[in-house]
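Please look over the model below with helix packing in mind.

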Amino acid sequence: MSEFDVNKQKVLIVEDNVHFRTLVRTILQALGIDKTEEARDGSEAIEVLKTFDADLAIIDWKMDGVDGVECVRRIRAGEDSPNKFLPVLMVTGFTEETLVNEARNAGVNDFLSKPISAKSLLSRIVSVLKNDNPFISTGDYFGPDRRHRDGPFQGADRRGEQTNQVSPS
């Protein structure tokens with residue numbers, strides 16, 4: 001992990017709880033990440049992203065206003081999305097499999113369960129930013145490839161639609 005320079009990263013924190021938002025910002029600063037912006041919900045996050053060229057968004061799931069999953073959907077597929085390839089780390093206390101699948105289907109890159117620690121946050125940030133999974137597009141999904149296997153996929157393709165790999169222009 002020491003080879004990856006997190007100090008140069010610009011991070012958007014999307015969280016409606018001011019105390020947790022402050023905690024995340026404080027941890028990021030302790031890790032050497034001082035280029036941060038904050039938003040209280042998904043709608044505000046989209047507006048912030050229009051003027052802040054973030055390298056990563058750390059997004060809470062359950063928020064007043066536009067929640068985290070809808071925010072990710074807007075980042076990935078919204079006409080007003082400033083960067084549909086933005087890496088997204090969802091931080092949540094809701095880790096039931098159906099909820100994780102819903103968020104993954106919206107296009108999150110990874111998850112971190114609350115409560116968090118500086119070590120767990122740094123580890124997940126590095127993992128998300130170093131991940132080289134391609135982005136794919138189908139008729140109803142745009143986001144990072146959700147398959148987490150090394151090597152080529154073997155067997156019948158369970159995807160119902162043709163997928164296309166997409167890369168930033």
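This is a predicted model: local features need pLDDT of at least 70, side-chain atom pairs count only at pLDDT 80 or more; totals for chains, interfaces and linings use all residues.

The cut-off explains the label: under 20% would be buried and over 50% exposed, so a value in between counts as partly exposed.

R25 sits in helix α1, which spans residues 18-30. Leaving aside residues up to four places away in sequence, R25 touches I13, T36 and E38. E37 is 12 residues from R25 along the chain. The C-alpha atoms of R25 and E37 are 8.9 Å apart.

## α1 against α5

Two packed helices are described by the angle between their axes and the distance between the axes. For α1 and helix α5 (residues 118-130), the angle is about 75° and the axes are 10 Å apart. That angle makes α1 roughly perpendicular to α5.

Which residues meet here? From α1 come V24, I27 and L28. From α5 come A118, L121 and I125. By class, the contact of α1 with α5 holds 6 nonpolar residues, no polar ones and no charged ones.

## α3 against α4

Helix α3 covers residues 68-77, and helix α4 covers residues 97-106. Their axes come within 8 Å and cross at roughly 20°. Angles under 35 degrees count as roughly parallel. α3 and α4 are therefore roughly parallel to each other. The crossing of α3 past α4 is left-handed.

On the α3 side, V69, V72, R73 and R76 make the contact.

## The buried side of α3

Which residues of α3 are buried? They are G68, V69, C71, V72, I75 and R76. These residues cover an arc of only 155° around the axis, which puts them on the same side of α3. An α-helix has 3.6 residues a turn, so residues three or four places apart point the same way.

What covers the buried residues of α3? The cover includes helices α2 (42-49) and α4. It also includes the strands β3 (56-60), β4 (88-92), β6 (135-137) and β7 (142-144).

Note on methods:
Residues are numbered from 1 along each chain as its sequence is written. Side-chain values use heavy atoms; hydrogens and water are left out. Axes are lines fitted to C-alpha atoms, for helices over the stretch in contact, and angles run from 0 to 180 degrees between N-to-C directions. Helices (H or I, at least four residues) and strands (E, at least two) are DSSP runs, numbered from the N terminus. Angles under 35 degrees count as roughly parallel, over 145 as roughly antiparallel, 65 to 115 as roughly perpendicular and the rest as oblique. A crossing is left-handed if the near helix is turned anticlockwise from the far one by less than a right angle, and right-handed if clockwise. Contact means heavy atoms within 4.5 Å. Buried means under 20% relative accessible area, exposed over 50%, partly exposed in between (1.4 Å probe, protein chains only). The arc is that of the directions from the helix axis to the C-beta atoms. Ala, Val, Leu, Ile, Met, Phe, Trp, Tyr, Cys and Pro count as nonpolar, Asp, Glu, Lys and Arg as charged, and the others, Gly among them, as polar.
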